[in-house]
Amino acid sequence: MMFFEKDESEKTGKEVIKNLFFFSENQMLDCNQYIVKNEDTSELILFDAGNGISLAGFFKGMEKLNLNYENITKVFLTHEHVDHVLGVYKLMNILKNNPPEIFAYGATTKTLEEGDETKILPIALGITARRLGVEIIPLKVNDLSQIKEIRISSEFKFQIHYTPGHSLGSICYYEPEKRVLIPGDLVFKGGSFGRYDFPGGSLKTLINSIKYVKELDVTYLLPGHMGISENGNKNIELSYRMIKSMGSFY
Ligand SMILES: [Zn+2]
């Protein structure tokens with residue numbers, strides 16, 4: 001199919017807990033993706049869209065777990081960066097007869113509604129959307145700024161927590177009963193944390209956001225890059241200690 005180009009390597013998926021699936025990132029400027037399945041309606045809710053090129057491999061990975069991409073009805077974004085949002089444009093094209101609703105927060109919503117390529121692909125990256133086979137167009141996005149909690153299915157309710165520092169539009173999705181955190185690029189497994197040197201990033205703000213998230217009770221840490229962890233609290237604590245020790249140099 002013509003919209004599937006280049007990187008067709010399968011994004012390997014696994015069910016983390018019942019009806020919540022993890023798909024690990026491809027190598028080139030891609031991100032982890034997560035799916036929540038609504039058991040009653042078979043609807044699929046997607047968290048982050050990847051870089052677009054990886055979509056074909058993502059669909060393959062989904063198929064292996066009996067998940068049909070045509071059932072994706074909602075896309076929740078963690079922030080406005082290329083490796084998380086570019087897939088949205090392709091997805092909207094592929095599902096144009098039944099396009100999913102897109103959800104994002106504040107600055108991310110604004111960036112996507114304006115179709116502002118310079119914010120999606122920081123110039124420092126040295127690539128353009130066109131080179132990745134995507135045309136950035138203004139999108140209709142549901143803004144989560146005023147929303148505290150979203151009910152995705154009878155099983156999953158995610159709280160929205162604003163956590164800037166990596167970018168202006170960065171949020172975490174938190175499921176308190178299942179103790180699941182989808183933090184985007186705020187914190188990663190093993191004590192690492194997001195970059196703060198892109199436009200809109202700030203070390204001080206990043207430290208505050210990690211400190212804030214540290215108060216949540218997290219078992220499943222499902223970040224935008226690298227692996228996932230079933231030891232969330234400990235990993236977030238470690239990231240906080242690491243960034244605090246760095247912060248003292250600034
Ligand atoms: Zn990012």
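**Note on the predicted model**

1. **The sheet.** Five strands make an open sheet in the order S8-S9-S10-S11-S12, with mixed pairing. Strands here are DSSP runs (E, at least two residues), and helices are DSSP runs too (H or I, at least four residues), numbered from the N terminus. Two strands pair if DSSP finds at least two bridges between them. Strand S8 (149-151) and strand S12 (220-221) stand at the edges with a single partner strand each, so one side of each has no neighbour in the sheet.

2. **Basis.** This is a predicted model, in which local features need pLDDT of at least 70 and side-chain atom pairs count only at pLDDT 80 or more, while totals for chains, interfaces and linings use all residues. Residues are numbered from 1 along each chain as its sequence is written.

3. **S8 to S9.** These two strands run antiparallel, joined by 3 bridges. They form a hairpin with 5 residues between them. Arginine 151 has lysine 157 in S9 as its bridge partner.

4. **S9 to S10.** Strand S9 (residues 157-162) also runs antiparallel to strand S10 (residues 171-175), through 4 bridges. Glutamine 159 stands opposite tyrosine 174 in S10. Histidine 161 stands opposite cysteine 172 in S10.

5. **The core.** The largest nonpolar core has 62 residues, and Val75 and Leu181 have the most contacts inside it. Helix H2 (residues 82-94) gives the most to this core, with 6 residues. Such a core is a set of buried Ala, Val, Leu, Ile, Met, Phe, Trp, Tyr and Cys residues joined through C-beta atoms within 7 Å.

6. **Threonine 118.** This residue lies in helix H4 (residues 117-120). Is threonine 118 buried or exposed? It counts as exposed because it has 9 C-beta neighbours inside 10 Å. The cut-offs, for other C-beta atoms within 10 Å, are 20 or more for buried, 12 or fewer for exposed, and partly exposed in between; C-beta atoms are placed from the backbone. Proline 199 is 81 residues away from threonine 118 in sequence, yet 9.5 Å away in space, C-alpha to C-alpha.

7. **The whole chain.** The chain has 6 helices and 12 strands. Its radius of gyration is 17 Å, close to the 18 Å of the globule rule for 250 residues, so the chain is as compact as a globular protein of that length. That radius is taken over C-alpha atoms; the rule is 2.2 Å times the number of residues to the power 0.38. Buried residues make up 45% of the 250 residues.
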